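Work through the exercises below with the structure in view, and try each task before you read its solution.

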Number of protein chains: 2
Amino acid sequence: MKYKRSQRLVDMTQYLLQHPYQLTTLSDFVQRYQTAKSSVSEDVAIIKEQFKQSKLGCIETTAGASGGVRYIPQISKEQAKAAIQKMCQDLNQADRLLPGGYFYLTDVLGDPKYLRLIGQVIASHFAKQEVDAIMTVATKGVPLAQMVSLYLNVPFVIVRRDSKVTEGSTVSINYATKGNPRVEKMELTKSSLPEHSKVILVDDFMNGGGTISGMLAMLKEFKSECVGVSVLCEVASSDRHVECDYYSLMSLTKNADSTAIVDLQPGTMFA
Amino acid sequence: MKYKRSQRLVDMTQYLLQHPYQLTTLSDFVQRYQTAKSSVSEDVAIIKEQFKQSKLGCIETTAGASGGVRYIPQISKEQAKAAIQKMCQDLNQADRLLPGGYFYLTDVLGDPKYLRLIGQVIASHFAKQEVDAIMTVATKGVPLAQMVSLYLNVPFVIVRRDSKVTEGSTVSINYATKGNPRVEKMELTKSSLPEHSKVILVDDFMNGGGTISGMLAMLKEFKSECVGVSVLCEVASSDRHVECDYYSLMSLTKNADSTAIVDLQPGTMFA
């Protein structure tokens, strides 16, 4: 069947949104819509312009035989900062502070509205990066890693503190937690990450930075490389030592005995 | 600024896709596009027709003062079955059988392509249902619950076998695993699920059905109601007793000593 322009625009918009980072040739669209290449090119130009205006990210077009169209989800730094600022205001509630200085984020990590935002913000930050996989630690990092995975269209892998019998053989490492020093173990299923992968690390909360250090050690076991680190919320601290740059979406300042929030602000990603 | 029809179609398509199940009034669109209500109505009609043709689901329009537009993601039974059939073929590999009769699905649960499909299939199955939340058990159920949550636009909650100090007070229950009988514990953060919620249970793998029974018991503690159960893969079995209907996407038949796959077929959801 033949598609009108209006129909093509609706269908192509949904197609591109659902296939981020995936190259589709103009010929694929020509075939899909049974129309001339010139019409498809015009469609793409309209969508490209509108995505820019609606601040959804970038439609990349490449010419030549292997050329085509791909959608890079990307929101602007300003947009991201404003949305995270709003989120900080929403979450700045005294009863979110838990015993031991932790911060209650469980509801955020199960809320599709927040998750879409967080995924877009982290994926936008690493949009120019070549990435093969996202890595996180179970359980609360999983929703974040998954959102970044959806927007960057690469798989994610889950490092676990307790491996189950249902996963096949694993690689395990020991790492030192900071702040409250002790040695812990983490494990990753052997087959889940190919060697020489370029990996982004994602986690929900950063206190001493031990979990991120553990994941960096795990990457070494897989001969893989860390190309970025992002955490949803870090405890503001000047004496933390992490072996790489990391970008937090929110930065939490507590009073000395961790009983009150002094400040919750957009994190180092927006500095 | 004023939008042309082509621009409105692109922007409205992305807006609806990113706000499933959310009612938007025509007036909101009139304001967004600074155009006449009649034009917006025509735009909606075009998108509605094209979503139907592209099999993306349904654009519901309701008239009257509180009326508006909302997008219900829904793929057809035939489309879903064909895609899951293809997935079964891809996964029918002898080396996916693990010691103890488990089935390796870890890669599937970290692959955005499979996750989008699985989320769409489960969300489509429960599209007519009134749902307040999705519930799953850590860790491997999380990616599935999250996808269903994104498509149904309701929060998801994670039941854990080991609660962490970082979550606040929890409710814990004991439940009996089946097959290999022993008593286990599961816990859910108290604040994560309001009482009297209507909940869909999601899990990755069903053997004896003990985990689902555990979640049903947990729902009782929260005075909440199960309105649907879906698992990615069940072991084909005639002598399983679960206290409610459940729908599997895949059904796995193994030989007597669990060393070979006899069959991997679309599950009871498609029966």
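Predicted model: local features only at pLDDT ≥ 70, side-chain atom pairs only at ≥ 80, totals over all residues.

Residues are numbered from 1 along each chain as its sequence is written, chains are lettered from A and ligands numbered from 1 in the order in which they are written, and side-chain values use heavy atoms, with hydrogens and water left out.

**Exercise 1.** Determine how H2(A) and H3(A) are oriented to each other.

*Solution.* Begin with the two helices, which are DSSP runs of H or I with at least four residues, just as strands are runs of E with at least two, numbered from the N terminus. Helix H2 (residues 26-33) and helix H3 (residues 37-53) of chain A pack at about 110°, and their axes are 9 Å apart. Axes are lines fitted to C-alpha atoms, for helices over the stretch in contact (heavy atoms within 4.5 Å), and angles run from 0 to 180 degrees between N-to-C directions. Because 65 to 115 degrees counts as roughly perpendicular, H2(A) and H3(A) are roughly perpendicular to each other.

**Exercise 2.** Describe the open sheet of six strands in chain A.

*Solution.* First read the order, S6-S5-S9-S10-S11-S12, in which the pairing is mixed; two strands pair if DSSP finds at least two bridges between them. Next find the edges, strand S6 (156-159) and strand S12 (261-266), each of which pairs on one side only. Finally, look at S5 (residues 133-137) and S9 (residues 198-206) of chain A, which run parallel and are joined by three bridges, with Ile134(A) opposite Ile200(A).

Key
Parallel < 35°, antiparallel > 145°, perpendicular 65-115°, else oblique.
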